[in-house]
Amino acid sequence: MQPILQSQGKLMLIVPVFLKSWKSTVWHLRHNLTFKKLNMMARISQNTMGHGTHQLPESTLSSGGQETAYIGTFTRTLTKPRPCDENGTFLPPGSPPKPLSDKSPTDWTPYRNHVEFETAEFFFTENQTPAAQINRLLDLWASTLQKHDDKPPFADFRDLHKTIDKTPLGDVKWQSFSVRYNGERPATDVPPWMDQDFDVWYRDPREVVRNMLVNPDYVEEFDYRPYREFLTDSDERQWRDFMSGDWAWDQADIISEDPESHGSTFVPVVLGSDKTTVSVATGNNEYYPLYVSIGNVRNNVRRAHRDAVSIIGFLAIPKTTKEHATGDVKFRKFCRQLFHCSLSKILETLRPGITKYEVARFGDGHFRCVIYGLGPYIADYEEQVLLTCIMRGWCPRCLSSRINLDEQAGWRCRHHTDVLIEEGTLGELWDEYGIIGNLVPFTNDFPRADIHELISPDILHQLIKGTFKDHLVEWIEKYLYQIHSKKEAQRIMDDIDRRIAAVPAFAGLRRFPQGRGFKQWTGDDSKALMKVYLSAIEGHVPVDIVRTFRAFLEFCYFVRRSVITETTLEKIQEALDRFHQYQQIFETIGVVSTFSLPRQHSLQHYVLLIRLFGAPNGLCSSITEAKHIKAVKEPWRRSSRYKALGQMLVTNQRLDKLAASRADFTQRKMLDGTCLSAAALAVGDVDSANTINGTEANNDNNGTEANNNNNDTEVDDGPTNIEAHVELAKTPQRNRARTPAALAVELSIPQLPNLLRRFLFTQLSPDDPRDPSEVPLTCCPQYDDKISVFNSACSRFFAPSDPSGIGGMRREYIRACPIWRNDHPRYDCVFVNTNPDLDGMRGMDVARVLTFFSFTYKAELYPCAVVRWFDTIGDSPNEDNGMWMVQPAHHANNSPHISIIHIDSIYRAAHLIPIYGARFIPPQHQHHQTYDIFRKFYVNKYADHHAFEIAF
């Protein structure tokens with residue numbers, strides 16, 4: 001590489017025509033060597049088998065294993081990580097850590113007090129208030145304080161920004177360097193890109209990683225060493241967080257060969273990048289963010305976006321004219337070189353810590369010796385192609401030919417590629433292996449880094465957007481137009497759209513009023529459509545296509561689990577085998593000519609990748625795409641649009657400072673309660689402070705009917721509780737019935753008072769073996785007094801594979817209201833526990849909630865639900881789509897089977913989808929009529945990941 005030059009206060013890198021290694025080894029063109037294919041293949045086999053990370057002996061366990069009550073955990077890392085002092089001297093066992101901060105609990109520096117910090121955070125982080133509105137609000141605030149000779153926390157927006165900028169915590173400065181092409185140039189008509197400087201902005205990744213290590217928020221969700229977990233009752237291994245995988249384990253083995261590394265903590269650096277567009281309307285503004293995380297932070301933290309993923313760079317995006325962009329090989333090569341050169345430069349501060357430990361402080365207060373390592377890279381397929389220096393259409397992980405990706409082949413690896421380059425010509429590398437031989441991956445500049453090994457699984461782009469949206473959904477449309485006339489195919493497509501639109505509302509499920517006929521699909525659109533698409537196509541396509549979708553969906557839901565066992569891996573492989581078996585119908589009928597599709601091919605590698613990196617949901621590109629919103633799109637919207645990048649950098653820096661301040665103040669117990677409760681305590685009003693804090697806790701943990709009227713699901717950051725819990729809304733409805741008799745009239749259920757009497761009998765006599773309907777009414781207590789009616793209930797349950805809080809808890813709202821959103825009635829269905837001794841649907845029944853109410857009888861509060869029952873059809877799920885079938889239950893006289901149940905028997909909401917069969921949906925059908933019109937339903941186990949786990 002050419003020397004680094006200073007240019008206008010910025011670093012400038014001159015990129016040569018063909019990239020040279022940062023290790024001073026010149027990588028030259030190899031085009032006159034003889035390519036010995038047979039000898040080469042023998043060496044490939046040897047290298048593949050000896051690489052050590054692909055085939056792991058099952059009997060290889062670490063010494064010094066530990067067991068807990070529920071799993072056996074074997075750990076290995078450079079001997080046990082030991083706390084040390086700031087100089088790296090190990091401390092005696094049991095030594096307490098120094099406090100993270102020596103500041104007093106009243107020191108709010110750089111803020112003057114609690115109110116000032118909360119105001120800054122509210123304006124800048126939560127509300128993202130524009131500068132002019134900040135000034136106006138502060139002026140209004142000042143006008144109310146003037147008579148008290150007081151003033152608001154800040155004078156104006158500049159004062160607020162200046163205060164945030166003074167925060168020392170989380171302060172990692174932005175830097176930049178410029179890159180310019182210096183290769184051969186044409187004599188005339190020089191492309192403009194050859195004369196341009198391309199700026200790359202970045203922050204020191206080492207400092208960002210050290211800030212993550214010292215963050216006290218991660219103390220309880222941090223793995224200090226790789227481990228292997230086994231179930232104690234069966235010795236079955238399981239994978240969850242990144243450090244439970246074999247890659248981290250093997251890295252620790254390699255590092256531990258150096259005696260000086262013993263006692264150190266291995267810190268894998270997880271990277272991710274992806275271009276994103278902030279506005280098409282204003283000129284197709286693209287940005288190329290680079291993100292970093294650490295593998296020690298557990299998956300639930302990374303998925304919850306609690307600052308465990310941080311932006312460290314904005315890569316350059318070279319542009320040129322259309323005239324020169326078409327077929328310009330040099331331009332494409334320069335873009336690739338620029339990418340790898342930039343990454344190598346940005347990450348260079350990590351390089352010394354990869355081979356020799358350095359001392360860093362952790363969130364628990366201890367210092368430890370740490371050794372870094374480049375870990376998995378989160379990227380979609382286009383980015384993976386760029387990262388691994390291969391051609392589009394090839395697999396970045398294995399050597400399968402692009403013509404037949406499903407053939408058995410060895411693994412790509414750095415050493416194998418180096419040998420190929422030494423033996424072959426550029427043309428042979430291109431044609432036989434898809435390798436771009438004159439490019440060098442940035443990972444070659446770092447020890448123990450192999451880019452082919454570091455490519456992570458990507459559920460979003462490989463499964464959801466790739467295999468589902470771009471392949472299966474499109475194949476369905478092609479099939480219909482191939483089998484039917486154009487007019488009939490359009491008629492069927494319209495009916496599929498109406499079926500999708502007819503799906504009843506469900507907590508957390510996006511609705512599609514127009515079916516799937518929208519122009520631009522987001523990842524969330526595809527995720528939501530996957531949940532309802534299977535039943536919509538049934539009856540219009542052959543059974544094998546239905547079974548193809550079922551196998552694919554089951555594969556997706558298995559790999560999405562937060563904990564994956566060896567049994568789960570077997571289920572994943574079995575689902576994949578079924579998928580490959582049944583999808584052959586698309587080739588048989590001529591819809592597709594090949595299944596050699598890179599994103600679909602990637603499914604074959606998931607079992608291996610889970611063994612290497614743990615559960616894939618902790619390394620999905622949906623994490624980085626969600627970060628785009630906070631780190632790129634929102635800062636861009638807050639900018640003036642003129643030279644927006646500089647303003648976006650400042651915004652990100654201020655956001656990091658505020659987040660670091662919050663973590664610091666929380667760790668020092670300074671944010672307990674609210675500003676108002678703190679003010680009450682300051683004047684000695686303890687009762688008011690307790691009342692305020694209690695109200696806030698109720699609102700935060702349980703929600704209110706007013707606040708959650710339009711939100712059916714929420715993440716729950718409360719404590720983890722495996723058992724589900726349902727409670728009624730906090731506020732009863734004042735315009736609903738007040739007595740059982742009035743409720744009977746309102747619901748048109750004349751027998752409701754008698755049902756209430758039988759319900760009371762079961763509650764007061766739980767050991768009575770008789771069916772409640774057989775108990776004479778004279779034996780049942782009577783209740784005719786006041787009741788409170790509610791429009792919803794809240795279910796709180798453990799669902800770590802779905803969007804959930806840090807402890808895996810999720811909250812959903814079950815609706816039973818005569819008017820929903822001022823438009824139509826909504827009465828949700830629920831799972832009811834009826835036989836706790838049986839698993840899945842065999843231990844549950846489905847019911848539709850007609851209303852929630854509560855009453856007090858003999859000083860005991862009874863929260864209840866009036867439900868209409870469904871009968872299960874058959875004793876097993878449908879063999880084609882894997883879903884149970886139900887139908888409304890009736891008594892012998894054909895009247896609906898209605899009961900009153902205690903809400904403690906409700907597990908959570910259930911989603912039913914009509915069994916459409918071959919009939920067409922009328923255009924005027926509305927989704928809120930579906931439960932009333934159809935007579936048979938599927939229990940939609942694909943509604944979310946938790947439903948998939950319980951409705952089997």
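The legends below describe close-up views of a predicted model.

**Figure 1. Packing of helix α4 against helix α25.** Two packed helices are described by the angle between their axes and the distance between the axes. Helix α4 spans residues 157-165 and helix α25 spans residues 644-667; the two pack at an angle of about 65°, and their axes lie 9 Å apart. Because angles of 65 to 115 degrees count as roughly perpendicular, α4 is described as roughly perpendicular to α25. The crossing of these two helices is left-handed. On the α4 side, the contact is made by His161, Ile164 and Asp165, and on the α25 side by Arg654, Lys657 and Leu658. Sorted by class, the contact between α4 and α25 comprises 2 nonpolar, 1 polar and 3 charged residues.

**Figure 2. The loop that contains Lys643.** Lys643 lies in the loop between α24 (residues 621-638) and α25. Its phi is near 45°, a positive value in a residue other than glycine. Lys643 has a relative accessibility of 64% and therefore counts as exposed.

Figure 3. Helix α17, residues 523-530, is mostly covered, with 6 of its 8 residues buried. The buried residues of α17 are Gly523, Asp525, Ser526, Ala528, Leu529 and Met530. Among the elements that cover them are α15 (459-483), α16 (486-501), α18 (533-537) and α19 (543-559).

**Figure 4. The cis peptide bond at Pro110.** Thr109 and Pro110 are joined by a cis peptide bond, for which omega is about 5°. Pro110 belongs to the loop between strand β5 (83-84) and helix α2 (114-126).

Figure 5. Asn822 is a residue other than glycine with a positive phi, near 55°. With a relative accessible area of 78%, Asn822 is exposed, since the cut-off for exposed is over 50%.

**Figure 6. Two buried cysteines, Cys413 and Cys817.** Cys413 has a relative accessibility of 3% and counts as buried. Cys817 likewise counts as buried, at 3% relative accessibility. Both assignments follow because buried means under 20% relative accessible area. The structure holds 0 disulfides.

Methods
Residues are numbered from 1 along each chain as its sequence is written. This is a predicted model: local features need pLDDT of at least 70, side-chain atom pairs count only at pLDDT 80 or more; totals for chains, interfaces and linings use all residues. Side-chain values use heavy atoms; hydrogens and water are left out. Axes are lines fitted to C-alpha atoms, for helices over the stretch in contact, and angles run from 0 to 180 degrees between N-to-C directions. Helices (H or I, at least four residues) and strands (E, at least two) are DSSP runs, numbered from the N terminus. Angles under 35 degrees count as roughly parallel, over 145 as roughly antiparallel, 65 to 115 as roughly perpendicular and the rest as oblique. A crossing is left-handed if the near helix is turned anticlockwise from the far one by less than a right angle, and right-handed if clockwise. Contact means heavy atoms within 4.5 Å. Ala, Val, Leu, Ile, Met, Phe, Trp, Tyr, Cys and Pro count as nonpolar, Asp, Glu, Lys and Arg as charged, and the others, Gly among them, as polar. A disulfide is a pair of cysteine sulfur atoms within 2.5 Å. Buried means under 20% relative accessible area, exposed over 50%, partly exposed in between (1.4 Å probe, protein chains only).
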